[in-house]
Amino acid sequence: MDVKDFCSAMESEMTSWKAKMYDAMRKIDKLGTAEKEKMLMNIQDLNMLVDDMAKRVEQLRTECPSDWSPIKKELEQGSIDMRGKYEETMEYVGKAAPVSVPG
């Protein structure tokens, strides 16, 4: 896979994650203040991961390094980290409001 194809794939993944974050925030907004506060660090972590990954994709696109494998590994690890943090957050949302927050 060349860097251009990889960047396109990562951009698609970032778009998907941003949509998931939007949906998660809508569900979290329906929770009480105490529940929101417990999840604040997870949400901040998720937003930082999305932003960092978007910057790295942009770096690949604009700098086009000859050896981009380190950035590729960082992005792949970021995707794994984001998935874990997202699942942890959504699990908590489900426990905090299993009936009132659908989906």
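A crossing is left-handed if the near helix is turned anticlockwise from the far one by less than a right angle, and right-handed if clockwise. In this predicted model, local features need pLDDT of at least 70 and side-chain atom pairs count only at pLDDT 80 or more, while totals for chains, interfaces and linings use all residues. Residues are numbered from 1 along each chain as its sequence is written, and side-chain values use heavy atoms, without hydrogens and water.

Helices are DSSP runs (H or I, at least four residues) numbered from the N terminus. Axes are lines fitted to C-alpha atoms over the stretch in contact, with angles from 0 to 180 degrees between N-to-C directions.

| Pair | Axis angle | Axis distance |
|---|---|---|
| α1 (residues 3-29) and α3 (residues 69-96) | roughly 20° | within 12 Å |
| α2 (residues 33-63) and α3 | about 160° | 9 Å |

α2 and α3 are therefore roughly antiparallel (angle over 145 degrees), and α2 passes α3 in a left-handed crossing. The residues of this contact (heavy atoms within 4.5 Å) comprise 15 nonpolar, five polar and eight charged. Here Ala, Val, Leu, Ile, Met, Phe, Trp, Tyr, Cys and Pro count as nonpolar, Asp, Glu, Lys and Arg as charged, and the others, Gly among them, as polar.

The crossing of α1 and α3 is also left-handed. Residues of α1 including Phe6, Met10 and Trp17 meet a set in α3 that includes Leu75, Met82 and Tyr86. This contact of α1 with α3 divides into eleven nonpolar, two polar and six charged residues.

Terms used:
Helices (H or I, at least four residues) and strands (E, at least two) are DSSP runs, numbered from the N terminus. Angles under 35 degrees count as roughly parallel, over 145 as roughly antiparallel, 65 to 115 as roughly perpendicular and the rest as oblique.
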